[in-house]
Amino acid sequence: MRFVPLVAAGLLALSLTACTAGKEAPPSLGAQPAASGTGQAAAALPPATLELWHGFSTDVETKAFEEAVAGFTAKFPQIKVTTKKGIQDAQITQAIRGGKAPDVAASFTTDNVAQWCRSGAFQDLTAVIEQDGIDLGVLPAAARAYTEFEGRRCTMPLLADAYGLYYNKALMKGGQPPKTLSELTELTKKLTVRDADGNIEVAGFIPSFQYYENSPSHLGPMVGAKWYEDDGTSAIGSDPAWKQLLRWQKELVDWYGYDKLEKFRKGLGDEWGAEHPFFEGKVAMILDGEWRNAMIANDPEAKDLDYGTAPLPVADDKPELYGSGFTAGTVIGVPRGAAHPQHAWELVKHLTTDTESLVTLSNALRNVPTTKAAMEHPDLAKDANFATFLDIFDHPKTTSMPASVNSVFNQDAFSTFLIQWEKGAVKDLDAGLAGVDKRIDDKLKLSGG
Amino acid sequence: MMASTHVARRGHALARPSRRRPGEGLRALLWLSPWIAGVTVFFVYPLLSTVYFSFHRYDLFTLEFIGLDNYRYAFSDPRVLQSALNTLWLVVFMVPAQVVFALGVAQLLAKLKSGGGILRTIFYLPSLVPMVAGTVAFVYLLNPATGPVNQLLAWFGIAGPDWFGSAAWAKPTLTLLALWGAGNTIMIFLAALLDVPRHLYEAAAIDGAGAWRQFRSITLPTISPVLMFSAVTGVIYAVQYFTQAMIASRVASGATDSAGTTFTPGYPDGSLLTLPQHLFHTGFRDWSMGLACVHALLLFAVAMLFTLILLRQFGKAEVTS
């Protein structure tokens, strides 16, 4: 009798296993008849309802995205699409693990692309891209780079962010935006205003790595710095460009005085609020993404701000970098376990390569469209300030954060060091950067890189 | 003789092996089965899984056995040591501060003749504020440049500290936040204090015992089970401390969440990085769930150790009293 509960538990386990063992594995991409999107081939796809998860959350964003999706359903009337907004990456990962993946998922960050590609959490699109004859040359090199990992293209770029310089024309007093780091230093010193106690009232440019968008990945392209060697190990300590950037940055921080600069930085308003220091004329020049144009235009207080945009200044000895910058953006793909992968691919293809769709989305969200045809389309709304970012995105030397399985860890490791550096706690820069390399390489080894 | 016979009979009766009725064991198991199922599903299985995953490279999708590599890495990772020390700091300083503060306030409230209701409400209200909102409010109030607290201090000629922005001040400031939200503990202590029989104090007063002696010899022994409960739950809470440290760190750093930026938890200088935060970050943002499992086991061991120490100490104290 004492074994009865154990036997009962065993039978229960067996019955549960039987329940799951009978399930068929969901179809994978490429296993169904292909459709090219128009005419007879489009009709070849049977009716289905797709589930699309995305991170857009505001009314304006969601409406624009729904309109882009409506363009797809007009093309494929037998396919319905239900969307779920405000989705974070962790939810996507969890759904895939739990076998409840949506048909299509979009993410705002490129940090997880490497893991999703390597683990197969997102399906490899290479075969269907070739099957449909899509020329990936329509995407700038940087956008191609941040959507794949080690030859597995498991995502496509939807819309992109490009980073450049914003400058307040009134504070610049007719001055031109800087093109080199020396000019940026000179202008910063000229435009900075202090009170009698030396406290900063207006900053020319805030060089702190802790300030809003001043991350190493955004500033690195100013000196052409690279993150990784070809074998995936850290290049931060060995690439002299990082030292060039750090020494320039530290000199400017010291000119302000670290404590004075920190006091000023901590007193500034929220980056996403109406009290942004650039809106309020507290900072003359900032590094920011193309989306700031829309934020300025939509802010009742800031909409009349007289400002201009330009590429980021570059190292004095690397003038060829001028015009380039950093880019990353929204990625979209077909998760493993999608119920209708072939339909899902058609939707991904439409959203990422259909010129009209990309132009509509870009005009509504004011992000950079990812294909060259969309960027050159006459319907694309582009004033001079927005056009700067289209040029940066399309520049051959524009770079992105290369995909890595430890993307977040590596940025954390470097950022932690940079805070120590700018406050003056690092005496030996070479040794410090070698320490960052070691942390990154040790983690890479643990991750099986 | 009668008595000894009776004792012998009782002894015999106790020593005789009991005869179980058929099905009794099964019935007992059935009665216990909800508990057994709960403990198995929510404790034993996760614990065993954690141990199992800790020997693997596990990125949430793929699993590969790597022996002790996760352990070697964890014990050489400076962030693990830093986060463990931060957690230890909270256990050693924040928990006692909270218990002492709550006990002090409860003592005052227990002695009040009038206005006690209003004060009880005032002290309890902060614990009703959602912890995220409370933390964000604290960060704004204590902003070194624009916060009203430093502006008020400046009015008196005092240069206020950098509260959440300074590695030296960040944890003490979190402790202030914990004291502000100690309403639940205050109420538990107040209930315990009001439960201490009045006549014990009256007798002690007649014997000439002062306030301190009465507190040490009557109040403390009487409420010691409640003290133990607060200390043990306080330690477990401190070991699992996550939300407030994470929010304070994030808001004070001004970190953003756009493409190409990441938030490094623990700002400033890793001083607010607690072990649970490091665990979460490692598992869910760095995709190193195997390594995060090592952190989880470490956290479990630390929580167990502190709980056992506390139970032992209170056990000794109870025997002495």
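Two strands pair if DSSP finds at least two bridges between them. Helices (H or I, at least four residues) and strands (E, at least two) are DSSP runs, numbered from the N terminus. Welcome to a predicted model, in which local features need pLDDT of at least 70, side-chain atom pairs count only at pLDDT 80 or more, and totals for chains, interfaces and linings use all residues. Residues are numbered from 1 along each chain as its sequence is written, while chains are lettered from A and ligands numbered from 1 in the order in which they are written.

**A strand pair in chain A**
- In chain A, β1 (residues 48-53) runs parallel to β2 (residues 79-84), and the two are joined by 6 bridges.
- Within this pair, A:Glu51 sits opposite A:Thr82 of β2(A).

**Chain B as a whole**
- Chain B contains 14 helices and 2 strands.
- Its C-alpha atoms fill a box of roughly 90 × 65 × 30 Å along the principal axes.

**Backbone features to look for**
- Most residues other than glycine have a negative phi, and most peptide bonds are trans.
- A:Glu150 is not a glycine, yet has a positive phi of about 45°; look for A:Glu150 in the loop between α7 (141-145) and β4 (156-168) of chain A.
- B:Leu60 also is not a glycine and has a positive phi, of about 85°; B:Leu60 is in the loop between β1 (56-58) and β2 (63-65) of chain B.
- The peptide bond from B:Tyr267 to B:Pro268 is cis, with omega near 0°.
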